[in-house]
Amino acid sequence: MEILKLYPMCKDYIWGGNKLKEKYGKEIEQTPCAESWELSFHKDGLTRLVDGKTLAERVTEKEVGENAKAFPFFPVLIKFIDAQQNLSIQVHPSDEYALTHENSYGKTEMWYIIEAEEGAGIYLGFNRDVTKEEFEQAIKENCLMELLNFYEVKAGECYFIPSGTIHAIGKGCLIYEIQQNSNLTYRVYDYGRKDKNGKERELHIDKALEVTNLHKFEPITFEDCLGKCEYFTVQKYDIKGEKDFFAEQESFQCVTCTKGSGFIEDMEIKQGDSYFIPASFGKYQIKGKLEIVLTKI
């Protein structure tokens with residue numbers, strides 16, 4: 001049983017930038033580097049280890065932890081997102097809908113803002129109650145943004161996004177996202193842009209109309225952590241010197257350095273690095289001058 005450095009699968013989606021390559025050490029031949037899937041058991045982007053094996057192949061049920069046994073799939077997926085352009089206006093379904101119609105989890109997620117250019121922001125939820133008819137008409141008339149909340153964001157902020165909440169990441173945001181283990185997205189508006197093959201990306205309006213929460217969005221905040229739900233609990237630590245941690249049998253821990261550098265036990269950890277600490281590992285130490293985000297089930 002050992003602490004494992006993670007080597008993410010990176011994605012070259014059309015809206016991405018180059019910050020993850022230039023500042024966060026992500027390796028991808030393609031340009032741009034839109035996302036890096038830091039901790040992923042999902043078939044669309046499996047996290048690997050230094051020897052080339054996937055994390056899913058390597059770890060045992062004991063090392064994942066007791067709490068994961070409550071789920072039919074490994075429950076969490078963690079990624080960096082670099083938005084050089086606006087992402088599509090989109091929504092993710094609930095588990096109930098997704099498991100019935102897509103053989104997948106739905107997606108509840110949270111965003112920790114790592115960097116934000118001046119004026120950068122996110123769209124999150126409706127700014128008032130709307131009807132399904134109003135929602136559909138706004139999509140047809142390309143005026144959907146008028147119904148949505150726009151939050152100008154800054155580094156260090158966190159936003160919790162339950163499934164069914166319409167949303168979009170705006171250009172100029174670099175985000176650390178913790179989400180359910182799902183790659184299921186229903187796009188409702190994509191600015192009419194075309195992919196690398198010259199085709200407009202597929203929209204999923206009928207499905208979005210079925211799953212979107214039409215009530216006015218009310219922000220969700222947490223006092224004792226960045227965010228938590230049945231799928232994940234997320235905490236942030238600013239370390240100056242040394243700090244001890246403990247991985248119990250209930251859950252693995254994923255540690256990502258979002259600022260600075262230091263050591264996790266005797267292994268170097270720097271901005272952009274992620275490590276997997278097995279459940280039941282026990283005590284371990286992180287030292288240096290760094291900010292880390294720690295996720296567990």
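This is a predicted model: local features need pLDDT of at least 70, side-chain atom pairs count only at pLDDT 80 or more; totals for chains, interfaces and linings use all residues.

Me: In what order do the six strands of the open sheet lie?
Reply: Strands are DSSP runs of E of at least two residues and helices are runs of H or I of at least four, numbered from the N terminus. Two strands pair if DSSP finds at least two bridges between them. The pairing in this open sheet is antiparallel, and the order is β2-β3-β4-β11-β6-β9.

Me: Which strands stand at the edges of that sheet?
Reply: An edge strand here has a single partner strand, so one side of it is left without a neighbour in the sheet. The two strands in that position are β2 (9-11) and β9 (158-161).

Me: What is the average twist from one strand to the next?
Reply: Axes are lines fitted to C-alpha atoms, for helices over the stretch in contact, and angles run from 0 to 180 degrees between N-to-C directions. The average twist is 20 degrees.

Me: Which residue is the bridge partner of Cys-10 in β3?
Reply: β2 and β3 (residues 35-39) run antiparallel and are joined by three bridges. The partner of Cys-10 is Ser-36.

Me: Which residue in the turn between β15 and β16 has a positive phi?
Reply: β15 (residues 253-264) and β16 (residues 267-270) run antiparallel, with four bridges joining them. Ile-264 stands opposite Met-267. The two strands form a hairpin with two residues between them, and the one with a phi of about 55 degrees is Glu-265.

Me: Which peptide bond is cis, with omega near 5 degrees?
Reply: Most peptide bonds are trans. The bond runs from Thr-31 to Pro-32.

Me: Is Asn-103 buried or exposed?
Reply: Asn-103 is in the loop between α4 (95-101) and β6, and has a positive phi of about 50 degrees although it is not a glycine. Buried means under 20% relative accessible area, exposed over 50%, and partly exposed in between (1.4 Å probe, protein chains only). With a relative accessible area of 64%, Asn-103 is exposed.

Me: How does Ser-280 count by relative accessibility?
Reply: Ser-280 lies in the loop between β17 (274-277) and β18, and its phi is positive, near 70 degrees. Its relative accessibility is 30%, so Ser-280 counts as partly exposed.

Me: Which residues does Phe-281 touch, not counting residues up to four places away in sequence?
Reply: Phe-281 is in the loop between β17 and β18 and counts as partly exposed, at 24% relative accessibility. Its C-alpha is 8.4 Å from that of Phe-252, 29 residues apart in sequence. Contact means heavy atoms within 4.5 Å. The residues touched are Met-1, Glu-2, Ile-3 and Ala-247.

Me: What is the relative accessible area of Ile-292?
Reply: Ile-292 is found in strand β18 (residues 282-296). Beyond its neighbours within four places in sequence, its contacts include Tyr-237, Phe-245, Val-255 and Ile-286. Ile-292 is buried, because its relative accessible area is 0%.

Me: Which strand gives the most to the lining of the largest pocket?
Reply: On a 1 Å grid over the protein atoms alone, a pocket is an open set of points where a 1.4 Å probe fits, with protein on both sides within 12 Å along at least five of seven lines; lining residues have an atom within 4 Å of a point. The largest pocket is lined by 23 residues, with Tyr-13, Gln-90, Asn-183, Thr-185 and Arg-187 nearest its centre. β4 (76-83), β6 (109-116), β10 (167-169) and β11 (173-180) each supply at least two lining residues. The most, three residues, come from β10.

Me: What volume does the second largest pocket have?
Reply: The second largest pocket is lined by 15 residues, among them Tyr-7, Pro-8 and Gly-25. A volume is the space filled by probe spheres set on the grid points, which are joined across faces, edges and corners. For this pocket the value is about 320 Å³.

Notes: Residues are numbered from 1 along each chain as its sequence is written. Side-chain values use heavy atoms; hydrogens and water are left out.
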